[in-house]
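The topics are grouped below.

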Amino acid sequence: MKKKLISAAVLMAAMTGAATAGTLETVKERGAVQCGVTSGVPGFSVPDDKGNWKGLDVDLCRAVAAAVFGDSTKVKFIPLNAKERFTALVSGEIDVLSRVTTWTQTRDTQLGVNFAGVNYYDGQGFLVKKDLGLKSVKELDGATVCVQSGTTTELNMADYFRANGITYTPVVFDTNDQAAQAFDSGRCDSFTTDLSQAAGLRTRMQDPSSVGALPEVISKEPLGPVVRQGDDTWFNIVKWTHNAMLNAEELGVTSANIDKMKSESTDPNVKRLIGLDGPKGKGLDLADDWAYQIVKQVGNYGEAYERNVGKDSPLGLDRGLNALWNQGGLQYAPPMR
């Protein structure tokens, strides 16, 4: 107990020090945003064969760099597993956690962190081999299930199985990739994770066509970027980075047409987004063209979605809940005025 108390004290001291220093000032002095990502989840954060990180969460980090520096390449990506991600954030090892992380009450109120938005609305599901002939999660009674440790996934599964009187044996791993590989090799009867991650990891399996998802979605998983508490300026920068990408999509402003819109549009909302009118960079301690740089270099939310997890990606996921609010989805950003 004494050791745990000492560790907690050290962690809180580190958090206080990081907040006092001012994350924006620290980032500018360092010359790069330090972003915590996964060790590899296709569509969200994964290095390609040349070591270049790609994914929806990666694009959020690049967008923050574009806002701060006017240069989306000024990011250092730090891969973290589920157990170490919050410690890395609170201790100041990273400036923002953009790592398929679910927004929950406990995390939001007890860990010293703030969620800056939801960049993907998800839900937990189960993959099985099609030759088992299963039609429902409730048929997994007595099954072994591969799962990543230190995640809400473990708790959701335990709650659901207990509520439905289903017995099971969890087989836990440090990373989702390890859990998926174990399932693929036949070590478990099923693999559970958020459905978006399941879709990405399924593409890496020996025979993706032999694997399917059971119909039940057993949880709500709002995923989004996370920052330390105690630094409102940095919190606002990350939050409004995401909001700018959403507003740009709603206004029809893309990386391809933003320069034309800048010179020709008479829409006051577009002018405010680009930084020609309105609040500009005031209140964020950023240059007036911060949102212009985001869209020009990274794209709007729809562009990031489609190339990483949507129709232009191997995952091919429909927008669904992640469509804009005026297109039947939940993605909704406050106005930039």
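At 1.5 Å a residue, the 20 residues of α9 should span 28 Å, and the end C-alpha atoms of α9 are 27 Å apart, which agrees. The model is predicted. Helix α9 covers residues 232-251, and its contacts with α3 and with α12 are set out below. Just after α9, Gly252 takes a positive phi of about 75°.

**Packing of α3 against α9**

- Two packed helices are described by the angle between their axes and the distance between the axes.
- The axes of α3 (residues 56-69) and α9 come within 10 Å and cross at roughly 110°.
- Angles of 65 to 115 degrees count as roughly perpendicular, and α3 and α9 are therefore roughly perpendicular to each other.
- The crossing of α3 and α9 is right-handed.
- On the α3 side, the contact is made by Leu60, Ala63, Val64, Ala67 and Val68; on the α9 side, it is made by Trp234, Ile237, Val238, Thr241, His242 and Met245.
- Nine of the residues in the contact of α3 with α9 are nonpolar, two are polar and none is charged.

**Helix α3 itself**

- With 14 residues, α3 reaches 20 Å from its first C-alpha to its last, close to the 20 Å expected at 1.5 Å a residue.
- Twelve of the 14 residues of α3 are buried, and the helix is mostly covered.
- The buried residues of α3 include Leu60, Ala63, Val64, Ala67 and Val68, each of which also takes part in the contact with α9.
- Also among the buried residues of α3 are Leu56, Asp57, Val58, Asp59, Cys61, Ala65 and Ala66.

**Packing of α9 against α12**

- The axes of α9 and α12 come within 10 Å and cross at roughly 65°.
- This crossing of α9 and α12 is right-handed.
- Trp240, Thr241, Ala244, Met245 and Ala248 in α9 meet Trp290, Ala291, Ile294 and Val295 in α12.
- By class, eight residues in the contact of α9 with α12 are nonpolar, one is polar and none is charged.

**Helix α12 itself**

- Six of the eight residues of α12 are buried, and α12 is mostly covered.
- The buried residues are Trp290, Ala291, Tyr292, Gln293, Ile294 and Val295.
- These buried residues of α12 pack against α3, α9, α10 (258-264) and α11.
- Just after α12, Gly299 takes a positive phi of about 110°.

- Most residues other than glycine have a negative phi, and most peptide bonds are trans.
- Val100 has a positive phi of about 30° although it is not a glycine.
- Val100 lies in the loop between β5 (96-97) and α5 (105-110), and its relative accessible area of 8% makes it buried.
- Lys280 is not a glycine either, and has a positive phi of about 50°.
- Lys280 lies in the loop between α11 (268-274) and α12 (290-297).
- With a relative accessible area of 31%, Lys280 is partly exposed.

- Ala143 is placed in strand β9 (residues 143-148) and is buried, with a relative accessible area of 7%.
- Leaving aside neighbours within four places in sequence, Ala143 is in contact with Thr167, Tyr168, Thr169 and Asp189.
- The C-alpha atoms of Ala143 and Asn257 are separated by 52 Å, and the two residues are 114 residues apart along the chain.
- Pro47 lies in strand β2 (residues 46-47) and is partly exposed, with a relative accessible area of 34%.
- Leaving aside neighbours within four places in sequence, Pro47 is in contact with Asn52 and Trp53.
- Pro47 and Val58 are eleven residues apart along the chain, and their C-alpha atoms are separated by 9.9 Å.

Technical notes: Residues are numbered from 1 along each chain as its sequence is written. This is a predicted model: local features need pLDDT of at least 70, side-chain atom pairs count only at pLDDT 80 or more; totals for chains, interfaces and linings use all residues. Side-chain values use heavy atoms; hydrogens and water are left out. Axes are lines fitted to C-alpha atoms, for helices over the stretch in contact, and angles run from 0 to 180 degrees between N-to-C directions. Helices (H or I, at least four residues) and strands (E, at least two) are DSSP runs, numbered from the N terminus. Angles under 35 degrees count as roughly parallel, over 145 as roughly antiparallel, 65 to 115 as roughly perpendicular and the rest as oblique. A crossing is left-handed if the near helix is turned anticlockwise from the far one by less than a right angle, and right-handed if clockwise. Contact means heavy atoms within 4.5 Å. Ala, Val, Leu, Ile, Met, Phe, Trp, Tyr, Cys and Pro count as nonpolar, Asp, Glu, Lys and Arg as charged, and the others, Gly among them, as polar. The expected span of a helix is 1.5 Å times one less than its number of residues. Buried means under 20% relative accessible area, exposed over 50%, partly exposed in between (1.4 Å probe, protein chains only).
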